[in-house]
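We will go from stop to stop, selecting as we go.

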Amino acid sequence: MTNLRKRFLRRLREATGAGDDPARFAASWAVGVAVGLSPFLGAQTLLALLTAALFRLNKVDVLLGTLISNPWTLAVYFPVAALLGSFLTGGSLPGGTMPSLLELGDPYLWRRPADWLQPVVASWLVGAGLLALLGGTLTYLLVYRLAQRLGRAQGA
């Protein structure tokens with residue numbers, strides 16, 4: 001069992017055992033997952049904490065939700081999100097999604113970065129933005145249902 005799964009299940013038991021509101025618990029995780037899937041790489045922790053503070057959500061749960069985004073998942077998530085964004089915007093991505101590592105070392109490529117970088121960034125923003133909304137919504141629905149069921153089972 002993964003560390004994140006263990007922490008989630010522990011928090012789920014704690015929250016339902018303490019009589020926490022299942023909607024608030026689910027919202028904390030949904031916001032975390034949405035932020036973790038958002039296109040704002042590098043700013044996720046700050047964005048998660050600000051959002052948690054703004055909506056008075058559990059900061060630990062929000063931060064744990066952001067762990068969906070990590071080096072292992074980004075290797076798959078980035079191209080999927082960029083391709084989805086490319087499909088939705090009608091744009092095209094150069095050579096798939098990004099120049100190869102060898103091409104990135106070519107000084108000519110960096111003389112005109114907008115030629116290849118703009119479509120990638122635009123596609124990433126659209127694709128990752130949509131996936132963040134979908135991921136957050138699905139997380140809320142799933143976690144809310146789990147929290148309700150566990151709360152009823154513990155109360156019975």
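**Before you start.** This is a predicted model: local features need pLDDT of at least 70, side-chain atom pairs count only at pLDDT 80 or more, and totals for chains, interfaces and linings use all residues. Residues are numbered from 1 along each chain as its sequence is written, and side-chain values use heavy atoms, with hydrogens and water left out. Helices (H or I, at least four residues) are DSSP runs, numbered from the N terminus.

**Stop 1: α2 and α3.** Select residues 22–37, helix α2, and residues 44–55, helix α3. Two packed helices are described by the angle between their axes and the distance between the axes. Here the angle is about 155° and the axes lie 9 Å apart. Axes are lines fitted to C-alpha atoms, for helices over the stretch in contact, and angles run from 0 to 180 degrees between N-to-C directions. So α2 is roughly antiparallel to α3 (the cut-off is over 145 degrees). Now show side chains. R24, V31, V35, G36 and L37 in α2 meet Q44, L47, A48, T51 and F55 in α3. Contact means heavy atoms within 4.5 Å.

**Stop 2: α2 and α4.** The axes of α2 and α4 come within 6 Å and cross at roughly 35°. On the α2 side, the contact includes F25, W29 and V33. On the α4 side, D61, V62, L64, G65 and T66 take part.

**Stop 3: the cap.** Select N58. This residue caps the N-terminal end of α4. A side-chain oxygen of N58 lies 2.9 Å from the backbone nitrogen of V60.

**Stop 4: S123.** Go to helix α8, residues 113–155, and pick S123. S123 is buried, with a relative accessible area of 2%. A polar atom of its side chain lies 2.9 Å from the backbone oxygen of P119.

**Stop 5: A81.** Finish in helix α5, residues 71–89, at A81. Its relative accessible area is 0%, so A81 is buried. Leaving aside neighbours within four places in sequence, A81 is in contact with S123, W124, G127, A128 and L131. Last, find G129. A81 and G129 are 48 residues apart in sequence and 8.5 Å apart in space, C-alpha to C-alpha.

Methods: Polar contact = N/O pair within 3.5 Å; in protein donor to acceptor, adjacent residues only side chain to side chain. Helix = DSSP H or I, 4+ residues; strand = E, 2+ residues; numbered from the N terminus. Buried < 20%, exposed > 50% of the residue type's maximum accessible area, 1.4 Å probe, protein only. Parallel < 35°, antiparallel > 145°, perpendicular 65-115°, else oblique.
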